[in-house]
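Please keep the structure in view while reading.

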Amino acid sequence: MTVSVSSGAPRPDIAADVVVVGGGACGLTAALAAADAGAEVVVLERDASPSGSTAMSSGFIPAPGSRAQAAAGATGDSVDAFLADISAKTKGQGDADLARLAATRIGPAMDWLAEAHGLEWQVLTDFLYPGHSHHRMHAVPEKTGAALMVRLLAAVEAAGVTVVTEARVTTLHRQHGRILAVTAERPGGAEETVACGALILACNGYGGNPDLVRRYIPEIADGAYYGHVGNTGDALLWGEALKAATGHLSGYQGHGSLAHPHGILVTWALMMEGAIQVNAHGQRFSNEHGGYSEQATAVLAQPGGVAWNVYDQPRHAFGLGFPDYVQAVEAGAVREAPDLASLAAVTGAPEAALAESLVAAGASHAGSPDAFGRDFTTKPPLTPPYFAVRVTGALFHTQGGLMIDDSARVLGEDGHPFPNLFAGGGAACGVSGPDVSGYLSGNGLLTAIAFGAVAGEAAGRLTCGA
């Protein structure tokens, strides 16, 4: 189905102050913020039940300076420290203004969601994800993106926001630069037009559009896609029609630990706790602490485009604290091997090569970082029994998108903002820069929540005259 932009608007069927396209974490956060500003809000969601990329994620959100972080005793963090981590991961290639907007607004947004809308946050203090210098990763108690969506949907319902499902927005109607309405296709082919005072695009990126993926990020075009099928680039295509500015369309989040062929995410926390990855020849091929995003291409470059996560009983026990890992265990993706010979039989890799990889990693505990630059000195070496999961690299979601200002208004190619068009989350340019290696853990939900809150608040104020 194609999307389009039309001049003028047909007679609307209904009207709202603020219309939000997309019912994921960004869209629901934006809807709550707009409603809190006094606006009447309608969320249009293409699926029968809102989920999006959020429900497929671990649901972890990095935020400095929140009350939950302070309550967890995770002190010493700051917006500047977070910005330094973001910049280090992108090697200074990210958009500094968007990074500061996200880092500044995310802490207050998390506090607001907790205090005004009852979301309960826990800060993970038992490990640091790659690239983060402080314990700032927030999650709902269930530690899943699906549970985060359940809680956001409950908050939206309690706030009286209307969420219309099975409503695929196909057309934006504009006049003199303003968005007047949108038309959505409903089940059976019927169409409904909703007039709006402001429009927020929260419909994620283009990872589910193979043509756009091959155009902008051909390096991952043949990899697995582990994102929502609805991420078909609608916001980007509307932006092109409107002559909106875009940024970092080659940026994306990959992941080097998708259980294969099961298609289940295996938490990267195992790597941070001492696990290693080997290829079909039993050889390590990279520094697994560099980041799980860029590890996607590293894994895909191995024979057959697969690798094995290898670890031991203590790491297995640690992994059982993560729902996605439990799901992998229940699906039979996790294989146990009592000794090295059994590990070789499970993986099909030569026993001698596996032994060399394990010995080399163990030897690094006694000295400097290994040949790949990984420091093993902070974690105990791997000992039998071993565990192994065959994984592949995957595209999770894109990080480039529409350029926005500090009110989350979409910018035109001339640098001027559209008067009543906003964007956030995957629809907007993120903070990960132009490359897969720039993705810092949690950047997707960081911009979903932070930019969603900014967009909702600004759109609500615009339509309510505040």
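The text below treats strands, then rings, then charged pairs.

The coordinates come from a predicted model.

**Strands**

Strand E2 (residues 14-21) runs parallel to strand E10 (residues 191-201), and seven bridges join the two. Within this pairing, Ile14 stands opposite Val194 in E10. E2 is also joined to strand E3 (residues 41-44), again in parallel, by four bridges. Here Val21 stands opposite Leu44 in E3. Helix H1 (residues 25-36) belongs with E2 and E3 to a β-α-β unit, which is right-handed.

**Aromatic rings**

Eleven aromatic pairs are found in the structure. In one of them, Tyr311 and Tyr325 have ring centres 6.2 Å apart and planes at 65 degrees; because edge-to-face pairs are those with planes over 60 degrees apart, this pair is edge-to-face. Tyr311 belongs to strand E16 (residues 306-312) and Tyr325 to helix H12 (residues 323-330), so the contact ties together parts that are 14 residues apart in sequence. Tyr311 has 0% relative accessibility and counts as buried. Tyr325, at 0% relative accessibility, counts as buried too.

Ring pairs also link a cluster made up of Phe60, Phe127, Tyr129, Tyr292, Phe318, Phe322 and Tyr439. Phe322 has a charged neighbour: Lys143 lies over the face of this ring, at 5.4 Å from its centre.

**Salt bridges**

Side chains of opposite charge can pair when their charged atoms come close. The count of salt bridges in the model is 19.

| Pair | N to O distance |
|---|---|
| Arg168 and Asp234 | 3.1 Å |
| Glu288 and Arg374 | 2.9 Å |
| Asp405 and Arg409 | 3.1 Å |

The salt bridge between Arg168 and Asp234 links distant parts of the chain, with Arg168 in strand E8 (residues 168-175) and Asp234 in helix H8 (residues 234-242), 66 residues apart. Arg168 counts as buried at 13% relative accessibility, and Asp234 counts as buried at 8%.

Glu288 and Arg374 form a salt bridge between two loops. Glu288 lies in the loop between strand E15 (276-278) and helix H10 (295-300), and Arg374 in the loop between helix H14 (351-363) and strand E18 (386-398), so the pair ties together parts that are 86 residues apart in sequence. Both residues, Glu288 and Arg374, are buried.

In the pair of Asp405 and Arg409, Asp405 counts as buried at 15% relative accessibility, whereas Arg409, at 28%, counts as partly exposed. Elsewhere, salt bridges that share partners join Arg284, Glu288, Asp370 and Arg374 into one network.

Note on methods: Residues are numbered from 1 along each chain as its sequence is written. This is a predicted model: local features need pLDDT of at least 70, side-chain atom pairs count only at pLDDT 80 or more; totals for chains, interfaces and linings use all residues. Side-chain values use heavy atoms; hydrogens and water are left out. Rings of Phe, Tyr and Trp (its six-membered ring) pair if their centres lie within 6.5 Å; planes under 30 degrees apart count as stacked, over 60 as edge-to-face and the rest as tilted. Buried means under 20% relative accessible area, exposed over 50%, partly exposed in between (1.4 Å probe, protein chains only). A charge sits over a ring if NZ of Lys or CZ of Arg is within 6 Å of the ring centre and within 35 degrees of the ring normal. Two strands pair if DSSP finds at least two bridges between them. A crossover is right-handed if, with the strands pointing away from the viewer, the path from the first strand over the helix to the second runs clockwise. A salt bridge is a side-chain nitrogen of Lys or Arg within 4 Å of a carboxyl oxygen of Asp or Glu.
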